[in-house]
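Colleague: Please go through this model with me, one point at a time, and give the cut-offs as the terms come up.

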Amino acid sequence: MTKIHNFKDSLALGEMGEEIILDYLQKSPTIQRIIDVRDEKLYQKMDVDLVVVTKDEQELKVEIKTDSYKSGNIFYE
């Protein structure tokens with residue numbers, strides 16, 4: 001994978017990774033709803049991109065990272 005060293009390209013790659021994970025989560029039969037909090041300052045300070053509510057009403061905070069330096073992997077925690 002090509003290394004990305006400028007902010008604009010890194011941001012685009014990160015947004016692509018976020019969309020892949022969002023699509024994956026939306027297809028999960030265990031998820032009731034997903035709240036996109038990427039643009040909310042409070043959640044940005046907590047490194048939270050999405051709040052996921054499961055069918056059993058658990059609320060999970062999700063951070064998504066896309067690695068452009070070595071592996072090209074996308075992680076969510």
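Colleague: Leaving aside its neighbours within four places in sequence, with which residues is E18 in contact?
Modeller: This is a predicted model, in which local features need pLDDT of at least 70 and side-chain atom pairs count only at pLDDT 80 or more, while totals for chains, interfaces and linings use all residues. Residues are numbered from 1 along each chain as its sequence is written, and side-chain values use heavy atoms, with hydrogens and water left out. Taking contact as heavy atoms within 4.5 Å, and setting aside the neighbours within four places, the partners of E18 are R38, D49 and I64.

Colleague: Is E18 buried or exposed?
Modeller: E18 is found in helix 1, where helices (H or I, at least four residues) and strands (E, at least two) are DSSP runs numbered from the N terminus. Buried means under 20% relative accessible area, exposed over 50%, and partly exposed in between, with a 1.4 Å probe and protein chains only. The relative accessible area of E18 is 15%, and therefore E18 counts as buried.

Colleague: How far apart in space are E18 and E63, C-alpha to C-alpha?
Modeller: Both residues belong to the lining of the second largest pocket. In sequence E18 and E63 are 45 residues apart, whereas in space their C-alpha atoms are separated by 9.1 Å.

Colleague: How do the residues lining that second largest pocket divide into nonpolar, polar and charged?
Modeller: A pocket is, on a 1 Å grid over the protein atoms alone, an open set of points where a 1.4 Å probe fits, with protein on both sides within 12 Å along at least five of seven lines, and lining residues have an atom within 4 Å of a point. This one holds about 180 Å³ of space, and its lining includes E18, R38, D39 and D47. Asp, Glu, Lys and Arg count as charged, Ala, Val, Leu, Ile, Met, Phe, Trp, Tyr, Cys and Pro as nonpolar, and the others, Gly among them, as polar. On that basis the lining divides into two nonpolar, one polar and seven charged.

Colleague: Which element gives the most to the lining of the largest pocket?
Modeller: The largest pocket has about 210 Å³ of space and is lined by 11 residues, with S10, L11, G14, E15 and E18 lying nearest its centre. Two elements give two or more residues to this lining, namely helix 1 (7-26) and strand 4 (64-66). With seven residues, the element that gives the most is helix 1.

Colleague: Why is strand 2 largely enclosed by the rest of the structure?
Modeller: Both faces of strand 2 are covered, with L50, V52 and T54 on one side and V51 and V53 on the other. Strand 2 is largely enclosed because, of its five residues, the number that are buried is five.

Colleague: Which pattern does the protein chain follow along the sequence?
Modeller: Of the 77 residues in the protein chain, 30% are buried. The chain has two helices and five strands, and read along the sequence its pattern is α-β-α-β-β-β-β.

Terms used
Points joined across faces, edges and corners; volume = space filled by probe spheres on them.
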